[in-house]
Amino acid sequence: MSQPKNTTTQATALTNHDRKPIHIPGSIQPHGVLLALSTQLEILQVSNNTQAYVGKEPKDLLGKPLSYLLKAQQVEAVKQCLVKKIGSPNTFKVSINTSDGVRDFDAIAHRTEEAVILELEPTDSKSEVSFLGFHALAGEAIAKMQSTSNLIEFLHLVAEEVQKIIGFDRVMVYQFDESEAGSVVAEVKREDLSPYLGLHYPATDIPAQARELYTRCFLRFLPDLTAESVQLVPTQNPTTHQHLDLSYSVLRSFDWCCAEYHQNMGVKALLVISLIQEQKLWGLISCHHQTPKYISYEVRKMCEFLGQIVSSELAHKISSSEWDYKVKLKSLQSEFLESISQADNFIDALIKPEIRLLDFVSASGAAVCLDNEINLVGTTPNIDQVRGLIEWADTQVSDNLFSTDSLPKLYPEALIFKDTASGLLLLRISKVRRYYILWFRPEVIQTVHWAGNPQESIQAQTDGSYTLSPRKSFEQWQETVRLTSLPWKGCELESAIALSNAIVGIVLSKADELAKINLELERSNQELASFAYAASHDLKEPLRGIYNFSTVLLEDYAQVLDDDGIECLQTVVSLSVRMETLINALLRLSQLGQAHLREQATDLNELLNQVINVFHASRQGCGLVDIRIPRPLPTIQCDRVLVNEVFSNLLGNAFKYNDKAEQWVEIGYLSQEEGAGSRGQGAGSREQGAGGAGEAIIYQSPIPNAPCPIFYIRDNGIGIPQHHLETIFRLFKRLHSQEKYGGGAGAGLAIVKKIVELHNGQIWVESTVGVGSIFYFTLE
């Protein structure tokens, strides 16, 4: 189900509300006592109501061992939490001598990252409920719920049985949809109460923080929504100086927004049981009572157990029609994939006969895109509209599988063809080539019944911002939802993925043939490299003769030559020097083509120091150079000699192509975590302010989830025009004339690229003319 209108406003308000750390409120509900203990079970914090329950002021408990309050056997029960996983409770009974006599409590202990939390709730029972007693209470309810296979009937029985156990005025089963909004799908209530069955609620009613806590803690109990919370003493853990994490606390206080929201519904007591399906929050059993109402901890644990039973049964209560649809889809999928896997040309197998591609995901139309070739099937937008949609997807969709039932809301140009493509399921087959399959569904106008106007919770402030406030009305409110299609089901998305795998299978079936071709290419490349080596090596001898004889003529016969003759000989000498430089570069490149890496553990800091020392020695008399290394470089496995050449070439270029008065170069790296968490795309990106050489730089890796460090060399040089960023790595490619920037053969970057590729790495550059360049490279 789509969200109501003005989703951007809602999302803004929701985001602001979600920033509130509701798991660390610094207080508890007043129907019990909380003690925070160190791992040595010393009392670090207590709730400010200990006098009323255990007859001792907080100051009398702080700093004391737990044995000051509990007996040795009870202390031992708390100590067992230290070997359990975080949040896993240990429950037992305790009796404490107070000034008013002996009081009995239900004790619930669990550990967090920084403390052990012990919570005490008064009880009239001194003994644990036996297994037989528990089975008698819960067994009948479980038997009834397992007696039906119909999902809606099952959920109604769940609501009935929970109401029998706790006696609340209203018990609802609430189901979330893909957008985190939800609806009441089953309800049992007091006759005089207005029904909520079938009403929808926006995602803002249960913000993301609350949903996350419901996923971790399967039950939440608020017996009195009008009660004042009780603060912890001291407010922060004296060891960590942080607020106590009460995520798993049964007494954790509630947010004012939650209290006001439910009180606006006339609710004074609340019990919520989480329903988890495939490790996600599927829905909630939400129980409301019009007056404050306390339920014992043992009864609540039984409700939590029932919730876990319901969660495990959900997978088996799929409606018959949905099951039949899945079976039909699986059958079609099997037949379709078999035909595709045997096809030489999968495009023909996809669209002939065309109906199979549509039935595969229950679509009304589809488009198959292979680079610039687009084939349409069924009812679709026209070719130009599909082409525009694919161009949008190229930049906006990063996943291989993308689906939406509200395409015009994401891509406004789709308004023109909403009747054919309000819903889109997009499958990217290749990230290298533009290979897509797109399925379309038409607009389906729907009437949604909301529990009150969902926009009422969004309050505009005088500064233009928005905040989330509790809604006051829950009367049925209708909204007509347009620009949406029927939602895509999970089984349909699975079919699309299966199709992708089948197409990849066709490609893999050609692997042997491609491998043979690659072997031939490798053999040819080796022969070519050998030829280049031999040719460049053999050319050096006659070239040296040309140089020597020209020099002799200039030195010994200059008096018999006129000015034109001398100039011609000087040109021959110059060209022979230039030719030798080119031959040396070609020889070096051909040597690399036949090189075998001598990898060893290499401290790049030591290697870089050698490079810098040689660089300083070669620039004597040219003034100081500023080389920055923000942090030590790692030790890696590489060919030390070749990597030395990489740094030498890149460092030399950085200063060579620099016309600034104050020249500097920065050498550093991005770790795997920095590479995986970055947002860079294409050739990488950097954010650069106007702060000059000392400005802050944010480096962003163009390689998501990079498996190794990404090294960079950044300068403030002349920069490289955008259209030359790819060509600069070609052999003998120069962007300037021989006379500018010290000449050169134009082979340095080609050699660097070859060395990096020998290490199974990549090299790329980003640059801004007049600002500088950053060369990135990896060495795997």
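## Ground rules

Contact here means heavy atoms within 4.5 Å. Helices (H or I, at least four residues) and strands (E, at least two) are DSSP runs, numbered from the N terminus. This is a predicted model, where local features need pLDDT of at least 70, side-chain atom pairs count only at pLDDT 80 or more, and totals for chains, interfaces and linings use all residues. Residue numbers start from 1 along each chain as its sequence is written, and side-chain values use heavy atoms, with hydrogens and water left out.

## The five-stranded sheet

Helix 13 (residues 383-396) lies across strands 14, 15, 16, 17 and 18, running at about 115 degrees to strand 18; axes are lines fitted to C-alpha atoms, for helices over the stretch in contact, and angles run from 0 to 180 degrees between N-to-C directions. Those strands make an open sheet in the order 15-14-18-17-16, with antiparallel pairing (a pair needs at least two DSSP bridges). Strand 15 and strand 16 (401-404) sit at the edges, each pairing on one side only.

Strand 14 (residues 365-370) and strand 15 (residues 373-378) are joined by six bridges, with Gly365 partnering Gly378. Two residues separate them in a hairpin, and Asp371 in the turn has a positive phi of about 55 degrees.

## Helix 20 against helix 22

The axes of helix 20 (residues 640-656) and helix 22 (residues 748-758) come within 9 Å and cross at roughly 145 degrees. Among the residues that meet are Leu642 and Val646 from helix 20, and Ile751 and Ile755 from helix 22. Just after helix 22, Asn760 takes a positive phi of about 60 degrees.
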